[in-house]
Amino acid sequence: LAHPFWGFMGLDLVLVEAPQNCVFGTLATDGYHIFYSPKFVNSLRPGEVTFGVAHEIYHCLFGHTMGQGLVNRRHDDWDPKLWNKAIDYVVNYDLRQAKIGEFITTIKILYDEKYAGMSSEEVYMDLLKNGDPQSDVETLDAHIDWEIDGDPSSGCDESDDDSEGGEGDSAGETDAPAHNE
């Protein structure tokens with residue numbers, strides 16, 4: 001209700017609890033679903049959850065889950081992980097400037113004022129040329145189509161899944177650590 005544009009844009013997306021044994025321990029999207037780790041979501045403050053969900057919606061709205069963009073797939077040396085980092089810099093900057101939810105500080109996420117006003121393609125080219133200023137920080141989420149082979153279950157290890165959807169406190173070791181206040 002506090003951010004009706006983002007709420008409306010997310011209405012067609014289906015929230016899906018990720019199995020506890022999936023490689024993405026935070027959030028993920030395939031453009032049609034928002035997959036979430038209950039342990040991760042429960043570790044966030046409510047405003048951070050809003051930011052995280054808006055982050056996923058942003059990726060869907062701008063076709064990031066389809067690998068769209070000037071630099072991708074037009075170059076043989078396209079780096080999907082670096083591309084995801086580039087678009088996360090842009091998404092996180094835009095959401096923070098728009099004051100959508102509360103900027104996530106429970107975990108480190110990609111953010112650099114250097115990329116203000118730049119497109120994802122421009123950020124990607126800068127990262128290729130100059131390196132990543134936050135090389136030790138992972139992306140907030142995963143994009144199912146190129147990072148997890150188009151199938152969210154392909155990022156899961158079936159042998160470790162001993163629950164039926166699970167509770168938030170039964171998430172696997174790939175999940176983000178709990179938030180300590």
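Student: Is E48 buried or exposed in this model?

Tutor: The model is a predicted one. In it, E48 counts as buried, because its relative accessibility is 0% and the cut-off for buried is under 20%.

Student: With which residue does E48 form a salt bridge?

Tutor: As a general idea, side chains of opposite charge can pair when their charged atoms come close. Here the partner of E48 is R45, and the closest N and O atoms of the two are 2.9 Å apart. R45 is partly exposed, with a relative accessible area of 21%, whereas E48 is buried at 0%.

Student: Which residues are linked with R45 in a network of salt bridges?

Tutor: The network joins R45 with E48 and E102.

Student: How many salt bridges does a search of the whole structure find?

Tutor: The search returns six salt bridges. Two further examples show how to read the position of the partners along the chain.

Student: Where in the chain are D136 and K108?

Tutor: These two side chains meet in a salt bridge with an N to O distance of 3.7 Å. D136 lies in the loop between α5 (120–130) and β4 (141–143), while K108 lies in the loop between α4 (80–97) and α5; the pair is 28 residues apart and links distant parts of the chain. D136 is exposed, its relative accessible area being 59%, and K108 also counts as exposed, at 60% relative accessibility.

Student: How far apart are the closest N and O atoms of K114 and D126?

Tutor: The closest N and O atoms in that salt bridge are 3.0 Å apart. This pair, too, links distant parts of the chain: K114 is in the loop between α4 and α5, D126 is in helix α5, and twelve residues separate them. K114 is partly exposed, with a relative accessible area of 44%, but D126 is buried, with a value of 15%.

Student: Is the crossing of α4 and α5 left-handed or right-handed?

Tutor: The crossing of these two helices is right-handed.

Student: Which residues of α4 and α5 meet?

Tutor: On the α4 side they are L82, W83, K85, A86, I87, Y89 and V90; on the α5 side they are S120, E121, V123, Y124, L127 and L128. Sorted by class, the contact has ten nonpolar residues, one polar residue and two charged residues.

Student: Where is H59, and is this residue buried or exposed?

Tutor: H59 is placed in helix α3, which covers residues 46–61. H59 counts as buried, at 0% relative accessibility. The C-alpha atoms of H59 and G31 are separated by 7.5 Å, although the two residues are 28 residues apart along the chain.

Student: What share of the contacts in the chain with a separation of 6 or more comes from residues 24 or more positions apart?

Tutor: Such residues account for 71% of those contacts. As for burial, 48% of the 181 residues in the chain are buried.

Student: In what order do the elements of the chain run from the N terminus on?

Tutor: The order is α-β-β-β-α-α-α-α-β-α, and the secondary structure comes to six helices and four strands.

Note on methods
Residues numbered from 1 in each chain as written. Predicted model: local features only at pLDDT ≥ 70, side-chain atom pairs only at ≥ 80, totals over all residues. Heavy atoms only, no water. Salt bridge = Lys/Arg side-chain N within 4 Å of Asp/Glu carboxyl O. Buried < 20%, exposed > 50% of the residue type's maximum accessible area, 1.4 Å probe, protein only. Left-handed = near helix turned anticlockwise from the far one by under 90°. Contact = heavy atoms within 4.5 Å. Nonpolar A, V, L, I, M, F, W, Y, C, P; charged D, E, K, R; others polar.
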